[in-house]
Amino acid sequence: MPYMAPSAQASAQQTEEAPLRTNDLVARLHRRIGLGLRSTAVAAGAGAADPAATIANLLDPTRDPDPWDGTDYTVDPGDDGGGRRRLARQAITTWVDALVATDHAVPEWLGWFWHGHFVSAITEVKNPQFMVDQINLFRTTGRGGFDDLTRAVSVDAAMLLYLDGAGSNGESPNENYSRELLELFTLGHGTYTEADVSAAASALSGWTLRRGSTEPQFVPRRHDDTPQQYLGSSGVSDVDGVVAAIADHAALAPFIARKLAVEIVGPNVSDEVVDRCAARFRAADHSIEALLASLVDEVAAGQDGGAIVSSPLLWYVAARRITGAAPAAEAAFAELRAAGQVPWLAPNVSGWPTGTAWGNAATLVARFNLARMIAASTPDDSATLHATDGPALAEALAVPGGWSASTGQALALLDDPLDRLTLALASPDFVNC
């Protein structure tokens, strides 16, 4: 990786009296794609001696086992909604706890990222097992080929239910998924026509879910196999043809590159960075792994698209990872809902808002309440409770660059460790990464 931080050069001069401190670049990348540093990594001076090696380790493709393995979340056919809500909350809590506990953060972060991109919601899907299966699809496939991921999502049970594909047939093809596939998932606004939407709806028809089955099935008699003209390609008549035509479109690579660049490089990422990463993505046959590496290289080389306002869920996960806290699940779930972000409950097919949209009053209050819950459940031996001054607390929380003047002044007024940690976690310095 083309990077050698000044702190890495200086680290050779460190002594036992001046222990290595967390490298700012490493801390920033861990907040953006690594779910936040663990307290043990901070104590070890993460990345200070060799940032490049630490970043390479962050990008290790190893992933955790299925966090839901062995549990069936299928709803009883006679359920009145109570069982569904109970199972959904249990499955969501299991996932959040897995995000907090993982030692292989990037694959898990990608699972979360694709959940906010290829959106489905339990309110329409109904069956928690289908949502579990979809998240596992993102976790296991979300680092491979984007074309393969798009194909798999297009016939995924949760997506078929969420965007009405399961009821689509050749006589009356439903256009919901075919429209969002282009508008939100692959190409973006202004890249297609209404004729393209209709063509894809016909080509994608025939996939359904039979009562009592957990696996989508293709039913030929429900399918319109008439060859379609789609995005400039002729003879498109099935899901593979739809995905191939999208893959050939010039808008795909920059659209996906920008979507990930905003999350990794920052909201004001330059067109030049997006273009370079899109070119690498295209040359690698739409390998998400290659795109991810390209974006990390850009950050390591000094590209900065500005601070990212961490969404409530990612902020909550990062805060728990670095403090070791384990708040009561029910209370935390309620505050995440108040903050506006609970997994499986995106407000619409566009997913959750981003950036300054998270600065609304309800989210700020809920964040502060969560920060207090996290501080109160932080283990007594955590360095985040024993930091006696602002700089020490900034280091314990791996805040790149330390506190702003205003946050530092506010923290200096607090004597109680719980109050100090609460304010630090809820501060813009920790929220923004």
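## Exercises on a hairpin and some salt bridges

Leu231 has a positive phi near 55 degrees in the hairpin of E3 and E4, where two residues lie between the strands. The model you are looking at is predicted, so local features need pLDDT of at least 70 and side-chain atom pairs count only at pLDDT 80 or more, while totals for chains, interfaces and linings use all residues. Residues are numbered from 1 along each chain as its sequence is written, and side-chain values use heavy atoms, with hydrogens and water left out.

**Exercise 1.** In which sense do strands E3 and E4 pair?

*Solution.* Step one: locate strand E3 at residues 228-230 and strand E4 at residues 233-236. Helices (H or I, at least four residues) and strands (E, at least two) are DSSP runs, numbered from the N terminus. Step two: look at the pairing, which is antiparallel, over two bridges. Two strands pair if DSSP finds at least two bridges between them.

**Exercise 2.** Which residue forms a salt bridge with Arg89?

*Solution.* Step one: recall the rule, a side-chain nitrogen of Lys or Arg within 4 Å of a carboxyl oxygen of Asp or Glu. Step two: apply it to Arg89, and you find Glu330, with the closest N and O atoms 2.8 Å apart.

**Exercise 3.** Is Arg320, which forms a salt bridge with Asp97, buried or exposed?

*Solution.* Step one: the closest N and O atoms of Arg320 and Asp97 are 3.1 Å apart. This pair links distant parts of the chain, with Arg320 in helix H17 (residues 312-323) and Asp97 in helix H5, 223 residues apart. Step two: set the cut-offs, with buried under 20% relative accessible area, exposed over 50% and partly exposed in between (1.4 Å probe, protein chains only). Step three: Arg320 is buried because its relative accessible area is 9%, whereas Asp97 is partly exposed at 34%.

**Exercise 4.** How many residues apart are Arg139 and Glu108?

*Solution.* Step one: find their salt bridge, at 2.9 Å from N to O. Step two: Arg139 sits in helix H8 (residues 128-141) and Glu108 in helix H6 (residues 105-117), 31 residues apart. Step three: check the cover. Arg139 is buried at 5% relative accessible area, and Glu108 is buried at 3%.
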